[in-house]
Amino acid sequence: ILDDPDLKDIDPTVLKHCHAAAATCILEAGKQKADISAISTCLEDCKLDKERIEQFCTEYQKNKDALEILLGSIGRSPLHITDVSWRLEYQIKNNQLHKTYQPSYLVTLNVESSDSGSHPDISFSCTMEQLQDLVGKLKDAAKSLERATQM
Amino acid sequence: MLLVLSAEHRAHLGCLPQAGGAVVGELGRLAMEQLRRGTAPRACEAAARKLSIGVDTIQHGVEGLVYLLTESSKLMISEVDFQDSIHVLGFSDELNKSLIQLYLDNRKEIRSILGELAPRLPSYHSLEWRLDVQLASRSLRQQIKPAVTMKLHLNQNEDPTAQVLQTDPATLLHLIQQLEQAMGEMKMNHCRRIVRNMK
């Protein structure tokens, strides 16, 4: 805003204060999920006239959803799984043991960290039975999710 | 498939014919113990004293047997091939028979011991899960954000590790779909044909 040609006549300090105040107001409103009447009342107390309050509220309404999504994504959480890849292989021999003839799965979970954005993927191997166990448990979780949404 | 024994190996096993049946049995037992637990010099000394043979001879004999057994088990050679391989050593029939028996009796165990030496990725152990709903955070009040929190237990070279992970319902369903597809692959004709033909 300091470079905006329309605002160059105003004292930069005042501009900064206005910007900070507006930003804080918007963030608080977003955080509390305040509705239009609450915002209007607050702005009336700050002695803004009706036209400005209406302008502010219209702009706020337009961007409310994006604001909520942004605020909701701030915060710490455990590593978040974003995707999974798998590979099926059939082992024939290794340097210690020949004729092993064993199928196995290599599963890689792509994970994202809330802090740094990327994290080395988690890979592990499993047999057919172990994969069945894993999928069974994931399906139990999904079923309980479904039941929770129906409550 | 025949086993090729080097000259040094043959020399080590050369002590067996003079030794006699009981000694061969004792050496076989020592060889298996060495495979299970590693070298035991004191056990070899005790055997040397008991059988009145030099410690070095006993040591070499045990090492020779260990190598013979591990190579045969690694390649999974048949009884006939094993017989033909040791034939070159020129042992008596009785000695040959005891060696074959030693091989057949312990082959499975030796293969499972060798199997543990192979390079391994962390392997799956188990999964615990929990359904969470986030209701509020420092930046946003009044939320309803469902998530599934999981603890993935893995084994890395016998060390258990646990990793706490989280996912949202949509990703969970995607994971289930992908992994079910993976499981289905094993039952496809392509995989079945390969497994059948590779034995």
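**Close-up views of chains A and B**

**View 1. One salt bridge crosses the interface of chain B and chain A.** A salt bridge here is a side-chain nitrogen of Lys or Arg within 4 Å of a carboxyl oxygen of Asp or Glu. The partners are K139(A) and E180(B). Their closest N and O atoms are 2.3 Å apart. Side chains of opposite charge can pair when their charged atoms come close. This is a predicted model: local features need pLDDT of at least 70, side-chain atom pairs count only at pLDDT 80 or more, and totals for chains, interfaces and linings use all residues. Residues are numbered from 1 along each chain as its sequence is written, chains are lettered from A and ligands numbered from 1 in the order in which they are written, and side-chain values use heavy atoms, leaving out hydrogens and water.

**View 2. Chain A and chain B each give 55 residues to the contact.** Contact means heavy atoms within 4.5 Å. The buried area is about 5100 Å². Carbon and sulfur atoms give 69% of that area. Buried area is the accessible area (1.4 Å probe) that two parts lose on being put together, summed over both. Between the chains, 20 residue pairs are in polar contact, both residues at pLDDT 80 or more. A polar contact is a pair of N or O atoms within 3.5 Å; within protein, one must be able to donate a hydrogen and the other to accept it, and residues adjacent in sequence count only if both atoms are side-chain atoms.

**View 3. Helix α8(B) gives the largest share of the side of chain B that touches chain A.** That share is 14 residues. Helices (H or I, at least four residues) and strands (E, at least two) are DSSP runs, numbered from the N terminus. By class, this side of chain B has 31 nonpolar, 14 polar and 10 charged residues. Ala, Val, Leu, Ile, Met, Phe, Trp, Tyr, Cys and Pro count as nonpolar, Asp, Glu, Lys and Arg as charged, and the others, Gly among them, as polar.

**View 4. Strand β1 of chain A pairs with β3(B) in the parallel sense.** Two strands pair if DSSP finds at least two bridges between them. Here there are two bridges. H80(A) stands opposite Q166(B). L79(A) stands opposite L165(B).

**View 5. β2(B) and β3(B) form a hairpin.** Nine bridges join these antiparallel strands. K151(B) stands opposite V164(B) in β3(B). Two residues lie between the strands. In the turn, N157(B) has a positive phi of about 50°.

**View 6. Y90(A) and Y101(A) form a stacked aromatic pair.** Rings of Phe, Tyr and Trp (its six-membered ring) pair if their centres lie within 6.5 Å; planes under 30 degrees apart count as stacked, over 60 as edge-to-face and the rest as tilted. This pair has 6.4 Å centre to centre and 20° between the planes. Y90(A) sits in strand β1 of chain A, and Y101(A) in the loop between β1 and β2. In β2(A), the bridge partner of Y90(A) is P103(A). β1(A) and β2(A) run antiparallel, joined by 11 bridges.
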